[in-house]
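This report covers the contacts that one chain makes with two others. The sequence and structure come first, then the two interfaces in turn.

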Amino acid sequence: MEAISLIVRSIFVDNMIFAYFLGMCSFLAVSKDVKTAMGLGIAVTFVLVITLPINYLLENYVLKAGALAWLGDDFANVDLSVFSLLIFIAIIASFTQIVEMVIERFSPALYSSLGIFLPLIAVNCAILGGSLFMQQREFPNIGMATAYGFGSGIGWLLAIVGMAAIREKLEYSNVPKPLKGLGIAFIITALMALGFMSFAGIDM
Amino acid sequence: MAMNRESNAYTILYAVVMVVVVALGLALTHQLLKDRQVENENIDKMQQILRSLNVDVTADEALDRYGQLIQNAYLIDEQGVKVAETEGTAPQDPAFSTELGDPEAKGLPVYEAVVDGSLKYVIPMSGAGLWGAIWGYMAIEADGSTIYGAEFDHSGETPGLGAEIADTSFKQQFQGKQLFRDGEFRSVAVVKPGRTDAHRDYVDGISGGTITSQGVDKMLRESVGAYRDFLIKLNMANQ
Amino acid sequence: MADYNRKNMALLSSKTKAALLGPLNKNNPVLVQVLGICSVLAVTSKLEPSIVMAISVTLVVAFGNVIISLLRKSIPNRIRIIVQLVVVASLVTIVSEVLKAFAYDVNKQLSVFVGLIVTNCILMGRLEAFALGNGPWPSFLDGIGNGLGYGWILIVVGFFRELLGSGTLMGHQVIPQAFYDAGYQDNGLMMLAPMAILLVACIIWVHRAVNKELQEETN
């Protein structure tokens, strides 16, 4: 139950894009049509769901102050948190690279639709952001961390698909010249974000 | 370059050397800066304690003001009795270094402050908000019931919503509220804005930050509640 | 995106000066190349963290560029991205450690967003597009230029959000009490995250109204 509430919150209230602007670069670059937006959204969700639990385990059993206590009393005072950023990004980058290779080898069709986004994902702020928020929020167990990853990913997917749908319709609109393209995309994002703020009252 | 840049051996060697260099570099930086970081954390804690006494000072002045205002600090046990040999206000002393909720803690920290000639007690609080930890300090008058000031902070509540608990307007509501009513410990309720609570003093929660507000309410009941016997003693002594 | 980068390379490697000054205006990483808007707008609700963020990013881009440029002949191509990420992540960790030691308050306000500099696309963009193909000195200038080009936008946004949202600048009250007495109110909306995006849209609007060649044809 708590996990469901966490998922709902991370989709609507603390949406990666609309509340924290994480993953804006690819959000703006790849939101020109719904189909590719969907592909990227799924890829982001997938990577978040896998990397968050991995990083959660690393954080709690290797990196955090006192996390190495399971190795024996000598290690109880070791604090490796200075390396957390490095480890998180290394996990994310290697994981995306592995997934890319696996998909390319076994499913060229999937690769051509999804694989091209994977290199982009290593530097997608939403993924690293997920891990950093996980670290900051100290989730009680790995299940909650996974649920958070899933919710954040779906929230991101929802945002980018919605954005792409609006931009497809936008072709027929008369936008002031200097605002064409990037400018109007920013304004739409801002308005969508304001809209999402009305979900803030959600209480489960 | 004699070696082939794309060979496996070179790639692996490169990666290993890189990891070692980076690890050493970061560990060194961390060691060099660690003392200053710990000092900053202590000063930050002092600033929070001072803010609960409605004294808002910059980091530079915090140490001096803390020394002036905080006269004593010690641990108490669950019955509200001072634990022997725990007095001292410095960062390495038990009261300052004890974390709430630490199973090995010898007791609950209490700070005694003298502001404008009158004695206040400052107690720490800690709880959970929507996303992560929330914590704070509460300054209580010598009668053990009247709140003199409160300070809240959080690790990652939603900006503009739950994060507002760290805002002055929220904290100021607590001033003058009573923890006791009819001689019984009731804590202070955090209610939805516009609602009331007939049984105890209350403050308005954050609109849109329901779960964080509930977290503060729970923290007030539990963290302050842990000091119940201590506060009752103060209350009795002053009647 | 790739087209942009190729164009930049040709443009920038021809002149060192262009490497430094281009990103401030015609080649601005945020306004033109759409890089690095990511996380960091979330820290612009006040001017001070915006400035610290701008400086941090500038330093990380500049030194990341130099290091990658020095290593460019030795990096195995297969682990190129990982090497870049490791260099950037280490620099960011150092920045975050230094902030914790010397600017604790600001560090607290920036919270996870210091760490998120790692995934700021400007960094990877510049490392890939410039540092891998140029010497250390032009790379350094390119880093400074891009950092500043990104920084001034951050600072402008931070300036307006703090001024209009809380009536202060760097924490000091600048809107006189007389205004409030006359009925003026701080615009609470400016403190909300979406307004940062809207302000960037306004900057883009002005920027493209002046630089007509940057205007796009389609929506």
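## Chain A and chain C

In this predicted model, about 3,800 Å² is buried between chain A and chain C, and 79% of that area lies on carbon and sulfur atoms. Of the area that chain A buries against chain C, 17% is supplied by Phe21(A), Pro178(A) and Phe186(A), more than by any other three residues. The contact involves 46 residues of chain A and 47 residues of chain C.

Four helices of chain A, α2 (24–29), α4 (84–106), α7 and α9 (182–196), each supply at least two residues of the side that touches chain C. The most comes from α9(A), with nine residues. By class, the side of chain A that touches chain C has 33 nonpolar, ten polar and three charged residues.

## Chain A and chain B

Between chain A and chain B about 1,400 Å² is buried, 64% of it on carbon and sulfur atoms. Chain A brings 15 residues to this contact and chain B brings 17 residues.

There are zero salt bridges between chain A and chain B, and zero residue pairs in polar contact are found across their interface (both at pLDDT 80 or more). On the side of chain A that touches chain B, α1 (2–13) and α7 (125–137) each supply at least two residues. The largest share, four residues, is from α1(A). The residues of this side of chain A are nine nonpolar, two polar and four charged.

Note on methods. Residues are numbered from 1 along each chain as its sequence is written. Chains are lettered from A and ligands numbered from 1 in the order in which they are written. This is a predicted model: local features need pLDDT of at least 70, side-chain atom pairs count only at pLDDT 80 or more; totals for chains, interfaces and linings use all residues. Side-chain values use heavy atoms; hydrogens and water are left out. Contact means heavy atoms within 4.5 Å. Buried area is the accessible area (1.4 Å probe) that two parts lose on being put together, summed over both. A salt bridge is a side-chain nitrogen of Lys or Arg within 4 Å of a carboxyl oxygen of Asp or Glu. A polar contact is a pair of N or O atoms within 3.5 Å; within protein, one must be able to donate a hydrogen and the other to accept it, and residues adjacent in sequence count only if both atoms are side-chain atoms. Ala, Val, Leu, Ile, Met, Phe, Trp, Tyr, Cys and Pro count as nonpolar, Asp, Glu, Lys and Arg as charged, and the others, Gly among them, as polar.
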